[in-house]
Amino acid sequence: MPKLPPKDYIQTVPFPTEINLQPIGVVRSPYKERHGTPRQSQLQSAPSSYQPAPAQIELFDSIPPEALKDMEGFERIWVIAWLHLNKHWNPTVIIPRGPRIRRGTLATRAPHRPNPIGLSAPKLIKIEGLVLHVEGIDLLDNTPVLDIKPYVNYCDAFPDAKCGYVDEIENASEHETDVFGKTNSK
C-alpha cells in the first residue's frame, strides 16, 4: 500500500478566537463557601485523623450512561470544572500559605484565572447510573463540570518533579488550619 502524504491540519482550520463549552454535570459537595474548602484534593502532609469529605458528581441526562463504561476500575479521576463564581482575575495573587508575597497567577492554583478552569483529582468510590461518588473533592457545591478523565499514574504522576516555591513551603511545614476540610476528632 502506498504511503499517503502527510496532511497539514493546522492550516485547514482557523485558530479559534472564542471557545464555547457546555457543562456535562454538576458537583454536589458539602462545601458551600470558599472559606474552609480544601485548596487541593490531596495534600502531602495531611493529619492522621483527616477524612476526605464525600461528594458526588451528577452527570446530566444528555450524557449516555455508556460514556462511563470501564470507569469503575480507576481509583482516581480528573474533574475539569468551570469555577463559575470567579468573574475577574489578577496577574499576581497572594497564596494562602507560606510567605505573604505575590506570585504569578499562572504559577499558582488560584481559582481567579484568565479562564476559570479548575482541575481536581478526587478518589472515585463508586458509580451509580450517572452519579460518581467521590471523596477528597476541592470544589464548591454546584460547580459546573466540563469533563471527566481517568487518572493514569504512569503519565499523570511525576513524583520527582520539582515544584518551585511549593517545595519550599512543604519543607517548612507551613499549613493552613482549614486546608484539610472535614477532620475526625477523637
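1. Aspartate 141 forms a salt bridge with lysine 32, and their closest N and O atoms are 3.0 Å apart. A salt bridge is a side-chain nitrogen of Lys or Arg within 4 Å of a carboxyl oxygen of Asp or Glu. Lysine 32, at 62% relative accessibility, counts as exposed.

2. Before going on, a word on what you are looking at. This is a predicted model, in which local features need pLDDT of at least 70 and side-chain atom pairs count only at pLDDT 80 or more, while totals for chains, interfaces and linings use all residues. Residues are numbered from 1 along each chain as its sequence is written, and side-chain values use heavy atoms, with hydrogens and water left out.

3. How confident is the predictor? The mean pLDDT of the chain (the predictor's confidence in each residue, from 0 to 100) is 85, and 84% of the residues reach 70 or more. Please treat residues 177–186 separately, as pLDDT stays under 50 there.

4. Now back to charged pairs: the whole structure has 4 salt bridges. One of them joins arginine 28 to glutamate 58, with the closest N and O atoms 3.3 Å apart. These partners sit 30 residues apart, arginine 28 in strand β1 and glutamate 58 in strand β2. Strands (E, at least two residues) and helices (H or I, at least four) are DSSP runs, numbered from the N terminus. Arginine 28 is partly exposed at 29% relative accessibility, and glutamate 58 is partly exposed at 31%.

5. Next, look inside. The largest nonpolar core has 24 residues, of which Ile57, Leu59, Ile77, Leu132 and Ile148 touch the most other members. Such a core is a set of buried Ala, Val, Leu, Ile, Met, Phe, Trp, Tyr and Cys residues joined through side-chain atoms within 4.5 Å. Elements giving two or more residues to this core include β2 (54–59) and β9 (144–150).

6. Finally, follow tryptophan 78, which lies in strand β3. Beyond four places in sequence, tryptophan 78 has contacts (heavy atoms within 4.5 Å) with residues including Leu119, Ile148 and Tyr151. The side chain of tryptophan 78 also makes a polar contact with the side chain of aspartate 156 (2.8 Å). A polar contact is a pair of N or O atoms within 3.5 Å; within protein, one must be able to donate a hydrogen and the other to accept it, and residues adjacent in sequence count only if both atoms are side-chain atoms.

Note on methods. Buried means under 20% relative accessible area, exposed over 50%, partly exposed in between (1.4 Å probe, protein chains only).
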